[in-house]
Amino acid sequence: MRILIADDHPAIRNGIKSLLLSVCPTLEFGEAGNGSEVIRWLAESNWTVLVLDVDMPGCSGFEVLEHIRDQGLGIPVLMFSFHKEEQIISRAFELGAAGYLTKDGGGLLMTAIRRILAGERNLRLPGNRD
């Protein structure tokens, strides 16, 4: 499984990798610190899933979702953000995100990825709301 992690904070990217490798040590990763890098990685390589933050420099996670939709890339996207506002979560789903998990629910990352890869859409796991 190849996972592209897009977050502008290296500590978050490293934490995601560590967490996921502790569950599945054979994973492969790519990393992007901004939306333009995500778009470049998507054009250059095939990924099983994209873990994408909403807020990034350059183009936002929403703009990346629009690009994925407009290009018909079909990669499942798990939004992983600090934002808990319903309008942000709804917007992510409108743009084609398969799932949304807030960063305080990070322990559920692998569960969310597996469920998305099994075909679930509009996936929300506990921890998405106050």
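Colleague: Which residues does Leu65 touch, leaving out those up to four places away in sequence?

Modeller: In this predicted model, Leu65 touches Leu52, Val77, Met79, Ala92, Leu95, Gly96 and Ala97. Contact here means heavy atoms within 4.5 Å.

Colleague: What is the place of Leu65 in the largest nonpolar core?

Modeller: That core has 25 residues, and Leu65 is one of the five that touch the most other members, together with Val38, Leu50, Leu52 and Met79. At least two residues of the core come from each of E1, helix H2 (35-44), strand E3 (49-52), helix H3 (61-71), strand E4 (77-81) and helix H4 (86-94). Another core, of 19 residues, lies apart from it and includes Ile3, Leu27, Leu109 and Leu123.

Colleague: Why is Asp7 called buried?

Modeller: Buried means under 20% relative accessible area. Asp7 has 1%, so Asp7 counts as buried. Asp7 lies in the loop between strand E1 (2-6) and helix H1 (10-23). Beyond four places in sequence, Asp7 touches Ile12, Arg13, Ala32, Gly33, Asp53, Met56 and Lys103.

Colleague: What makes the pair of Asp7 and Lys103 a polar contact?

Modeller: A polar contact needs N or O atoms within 3.5 Å, one able to donate a hydrogen and the other to accept it. The side chains of Asp7 and Lys103 are joined by such a contact at 2.6 Å.

Colleague: Are Thr102 and Asp104 buried or exposed?

Modeller: Thr102, in strand E5 (residues 99-102), has a relative accessible area of 0% and is therefore buried. Asp104 lies in the loop between E5 and H5. The cut-off for exposed is over 50%, and Asp104 has 53%, so Asp104 counts as exposed. A polar contact of 2.4 Å joins the side chains of these two residues.

Colleague: How far apart are Asp104 and Lys84, C-alpha to C-alpha?

Modeller: They are 10.0 Å apart in space and 20 residues apart in sequence. Their side chains make a polar contact of 2.7 Å.

Colleague: Why is H1 called roughly perpendicular to H5?

Modeller: H1 and helix H5 (residues 109-117) pack at an angle of about 70°, with their axes 9 Å apart. Angles of 65 to 115 degrees count as roughly perpendicular, so H1 is roughly perpendicular to H5. H1 brings Ile16, Leu19, Leu20 and Val23 to the contact, and H5 brings Leu109, Met110, Ile113 and Arg114. Seven of the residues in this contact are nonpolar, none is polar and one is charged.

Technical notes
Residues are numbered from 1 along each chain as its sequence is written. This is a predicted model: local features need pLDDT of at least 70, side-chain atom pairs count only at pLDDT 80 or more; totals for chains, interfaces and linings use all residues. Side-chain values use heavy atoms; hydrogens and water are left out. Helices (H or I, at least four residues) and strands (E, at least two) are DSSP runs, numbered from the N terminus. Buried means under 20% relative accessible area, exposed over 50%, partly exposed in between (1.4 Å probe, protein chains only). Axes are lines fitted to C-alpha atoms, for helices over the stretch in contact, and angles run from 0 to 180 degrees between N-to-C directions. Angles under 35 degrees count as roughly parallel, over 145 as roughly antiparallel, 65 to 115 as roughly perpendicular and the rest as oblique. Ala, Val, Leu, Ile, Met, Phe, Trp, Tyr, Cys and Pro count as nonpolar, Asp, Glu, Lys and Arg as charged, and the others, Gly among them, as polar. A nonpolar core is a set of buried Ala, Val, Leu, Ile, Met, Phe, Trp, Tyr and Cys residues joined through side-chain atoms within 4.5 Å.
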